[in-house]
Each structure stands twice: as structure tokens, then as C-alpha cells.
Amino acid sequence: MSVNEEIFVSVDVEASGPIPGKYSMLSIGACVVSDTSQQFSCYLKPISDEYIPEAMAVTGLSLEHLRDTGLEPVEAMTRLKAWVELLGGESKRVVFVGFNASFDWSFVNYYFHQFLGENPFGIAALDIKSMYFGASGSTWRATRSSEIDKVVKPQRSGDHDALHDAIYQADLFRLIRK
């Protein structure tokens with residue numbers, strides 16, 4: 001396959017704690033950076049009863065509610081994989097973009113491998129924080145979204161809804177690239 005184009009996809013997850021497996025991915029949101037109307041989002045049934053109270057407070061989600069209403073993880077990841085593959089087609093590479101990508105990537109990568117045996121994004125993610133750090137020559141502390149906002153002035157802000165945050169991150173990514 002000859003890759004002629006890269007499609008950057010902003011991805012955000014909300015989780016019940018800091019690491020996959022022990023804790024659950026509760027929701028996932030994704031959008032194409034160049035056209036944020038191309039979106040994917042879903043809520044997932046938890047894979048564990050463990051949680052960090054502060055993580056749950058940030059998400060505003062409930063494990064009990066998600067047990068009843070969330071998608072089974074295999075179904076959620078199957079749907080996300082189909083969406084990613086539809087974007088990529090034969091000649092496009094789909095690139096995972098995240099804000100603090102190491103967190104979001106760890107959950108998405110774990111879930112893809114745990115439930116489907118492969119990750120359609122491949123083995124790497126592009127981190128917006130690191131990108132800003134390199135482009136701006138700032139300190140690492142200045143790579144917090146609140147600090148980046150002061151410089152690049154996005155029209156949106158994050159609110160811990162996975163899809164909303166993915167769209168916000170897409171804005172940050174585009175503005176930093178300029």
C-alpha cells in the first residue's frame with residue numbers, strides 16, 4: 001500500500017482511573033482534525049468495578065449507569081475500527097492525535113488489542129502537548145491546555161465530554177500547526 005495522504009484524527013477518552021485493565025475506558029470521542037463534523041463517539045460498559053473517585057467526578061459518569069447503557073467493549077471497538085478504516089481507505093494513513101496522548105493512547109491501544117487483537121491506528125500516537133513544547137520552546141509546565149489556550153486562542157474549550165474534548169483538541173492541533 002502506498003500512503004499518499006495522512007488523516008489526523010483527534011481522540012479523547014474518559015476513564016475511571018489512570019491505567020487500562022485495572023480501570024475502565026468509559027467513553028471515547030474522535031473527529032477528523034480537518035473536518036470535525038466527521039465524528040465518532042460512544043459510551044462503554046465498564047470492564048472493572050475499580051475506580052478513582054476523582055476520575056469519576058471529572059467525567060460526571062456513573063459505572064452503574066454505563067453497565068446498563070454502554071456498549072460492550074468489543075462492539076465499541078469494532079465500531080471505532082470500522083470508522084477509522086472508512087476514513088483511511090486504500091491510500092490514506094490515519095494518525096491518532098491526542099492531548100496528553102500517552103493517557104488516551106494507552107486506553108485505546110489496550111482496548112483494541114484486548115478486544116479485537118489489533119489497533120487500526122498502528123503503533124504510535126501524535127501528542128499535542130509534545131508538539132506544542134517543540135514548536136514553542138516553552139517549558140513543560142506551559143504545555144497544559146489552559147496555558148496553550150492563552151497563546152493560540154481556540155474558540156472552544158474542553159469540558160470532559162470525550163467528543164467535545166476531541167473537537168477542542170483538533171482546534172488546538174490546527175492552531176499550533178499554523
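Predicted model: local features only at pLDDT ≥ 70, side-chain atom pairs only at ≥ 80, totals over all residues.
The expected span of a helix is 1.5 Å times one less than its number of residues. Helix 3 contains 16 residues, and the distance from its first C-alpha to its last is 22 Å, close to the expected 22 Å. The buried residues along helix 3 are Pro73, Ala76, Met77, Leu80, Lys81, Trp83, Val84, Leu87 and Gly88. Viewed down the axis of helix 3, these buried residues fall within an arc of 165°, so they line one face of the helix. The cover over that face includes strand 1, strand 2, strand 3 (35–43), strand 4 and helix 4. Leu86 also belongs to helix 3, but Leu86 counts as exposed because its relative accessibility is 73%, and exposed means over 50%. Between Leu86 and Ile167, which are 81 residues apart along the chain, the C-alpha separation is 19 Å. After helix 3 comes Gly89, with a positive phi near 55°.

Helix 4 can be read in the same way. With 16 residues at 1.5 Å a residue, helix 4 should span 22 Å, and its end C-alpha atoms lie 21 Å apart, which agrees. Its buried residues are Ala101, Asp104, Trp105, Phe107, Val108, Tyr111 and Phe112. Around the axis they cover an arc of only 165°, which puts them on the same side of helix 4. What do the buried residues of helix 4 pack against? Their partners are strand 1, strand 2 (25–32), helix 3, strand 4 and strand 5 (125–127). Just after helix 4, Gly117 has a positive phi of about 85°.

Most residues other than glycine have a negative phi. Asn100, which is not a glycine, has a positive phi of about 65°. Asn100 sits in the loop between strand 4 and helix 4. With a relative accessible area of 34%, Asn100 is partly exposed. His160 is another residue other than glycine with a positive phi, here near 70°. The loop that holds His160 runs between helix 6 (145–152) and helix 7. His160 counts as partly exposed, at 42% relative accessibility.

Rolling a probe the size of a water molecule over the atoms shows where empty space is left. The largest pocket has a volume of about 460 Å³. Its lining consists of 21 residues, and those nearest the centre are Asp12, Val13, Glu14, His160 and Asp165. Which elements each supply at least two residues of this lining? They are strand 1 (5–15), helix 1 (53–59), helix 4 (101–116) and helix 7 (162–177). Strand 1 provides the largest share of the lining, four residues. Sorted by class, the lining of the largest pocket comprises nine nonpolar, seven polar and five charged residues.

The second largest pocket has a volume of about 260 Å³. It is lined by 15 residues, with Lys92, Arg93, Val94, Pro120 and Phe121 nearest its centre. Helix 3 (73–88) and strand 4 (92–98) are the elements that give two or more residues to this lining.

Arg174 is partly exposed, with a relative accessible area of 31%. Leaving aside residues up to four places away in sequence, Arg174 touches Val33 and Thr36. Arg174 and Val33 are 141 residues apart in sequence, while their C-alpha atoms are 7.3 Å apart in space.

Technical notes
Residues numbered from 1 in each chain as written. Heavy atoms only, no water. 1 Å grid on protein atoms, 1.4 Å probe; cavity = no way out; pocket = protein on both sides within 12 Å on 5 of 7 lines; lining within 4 Å. Points joined across faces, edges and corners; volume = space filled by probe spheres on them. Nonpolar A, V, L, I, M, F, W, Y, C, P; charged D, E, K, R; others polar. Buried < 20%, exposed > 50% of the residue type's maximum accessible area, 1.4 Å probe, protein only. Arc of directions from axis to C-beta. Contact = heavy atoms within 4.5 Å.
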